[in-house]
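Subject: Structure handover

Hello,

Please find the structure below, together with its sequence. My notes come after it.

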Amino acid sequence: MKLISKCLDIFCRTKPTQGEDEPLRQSTVATSIPVHALSANPDLEYSTKNKNRGVAIVINQEKFSTMKSREGSSKDRDDICAVLASLEFEVRVLNDFKRSALIKKLEEIASEDHTHNDCLVVVVMTHGEQGVLFAADAEYKVDRLWECFIGEACPTLLGKPKLFFIQACRGKKLDEGVLVRSATDTVDARESPKQHIYTIPTTADLLVMYSTYDGHYSWRNPTNGSWFIQSLCTVLKSYGREKELLPILTAVSWNVAYNYRSFVPDNAKMDAMKQMPCIVSMLTKAVYFRPKSVS
């Protein structure tokens, strides 16, 4: 025991080494902040015992002042609204908002009392480029979508899942595929019980699912809607009330990746392309949309 104690003492007093390519770094432990030891439990679920499922914001940008209209977006809007309503969300649609009005509306919703809600969902369908999305008149950084809903900015959503689904291009790269026959596709891009107080990261309980991988195009059919939103609708409609969210979203990714290819026969560069959605999860528990009990 004395030997172990001596070794630990030597270890704790040892200075970190400095490598050729790495600057000297030292870490400190904030001993003044109480830390509660918790065991990681893969069976933990976010509470669904609140009175309401929560607000679902559907941002549909179809018309723009300097870019082409997003034909097919109205079908995406109607279909995702129907699915979210069936999952007992309070759906609010924001059609063709200008940037300032959109940010103001998001801040207004964030300032509401979400105490009796299980979660928040935001679905965005618009043109995009790497790191930015477009309102009717101007661009905005993608993180403006959730800034007003995370951390102390929205206290009544603390510890609750905040789920964002973004149908937009994230660049101009293309994935090659195999030619199929279908309606001509286009892209969403600019032309050319005992209570404890715990400290959690500001971005905890946040999930963002992008329709495509960073730097790549996102495809939309003018008649049938976008690959991503339509896949999301299909899988949520089939499994939204019984399966956990992450397996559902994995199935959405599979459907987009395996069941879609672009058909633009008059443009060899854009023809026969593929798409891969991307999930960025900071969730800390499992998410379910089980039916609310009728009182």
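This is a predicted model: local features need pLDDT of at least 70, side-chain atom pairs count only at pLDDT 80 or more; totals for chains, interfaces and linings use all residues.

Residues are numbered from 1 along each chain as its sequence is written, and side-chain values use heavy atoms, with hydrogens and water left out.

Overall make-up

The protein has five helices and 14 strands; these are DSSP runs numbered from the N terminus (helices H or I, at least four residues; strands E, at least two). Of its 295 residues, 44% are buried (under 20% relative accessible area; exposed is over 50%, partly exposed in between; 1.4 Å probe, protein chains only).

Nonpolar cores

A nonpolar core here is a set of buried Ala, Val, Leu, Ile, Met, Phe, Trp, Tyr and Cys residues joined through side-chain atoms within 4.5 Å. The largest one holds 30 residues, and Val123, Leu163 and Phe165 touch the most other members. Elements giving two or more residues to this core include strand S3 (117-125), strand S7 (162-167) and helix H4 (227-239). H4 supplies the largest share, six residues. Leaving aside neighbours within four places in sequence, Leu163 has contacts with Leu120, Val121, Val122, Leu207, Leu245, Leu283, Val287 and Phe289 (contact: heavy atoms within 4.5 Å). Another core, of 29 residues, lies apart from the largest one; Ile57, Leu102, Tyr140 and Leu206 are among its members.

Aromatic rings

There are seven aromatic pairs (rings of Phe, Tyr and Trp, the last by its six-membered ring, with centres within 6.5 Å; planes under 30 degrees apart are stacked, over 60 edge-to-face, the rest tilted). Phe89 and Phe289 have ring centres 5.4 Å apart and planes at 80°, so this pair is edge-to-face. Both Phe89 and Phe289 are buried.

Trp227 and Tyr260 are stacked, at 5.3 Å centre to centre and 20° between the planes. Trp227 is in helix H4 and Tyr260 in the loop between H5 and strand S13 (273-274), so the pair ties together parts 33 residues apart in sequence. Trp227 is buried, at 2% relative accessible area, whereas Tyr260 is partly exposed, at 23%. Ring pairs also link Trp227 and Tyr260 with Tyr217 and Trp219 in a cluster.

Regards
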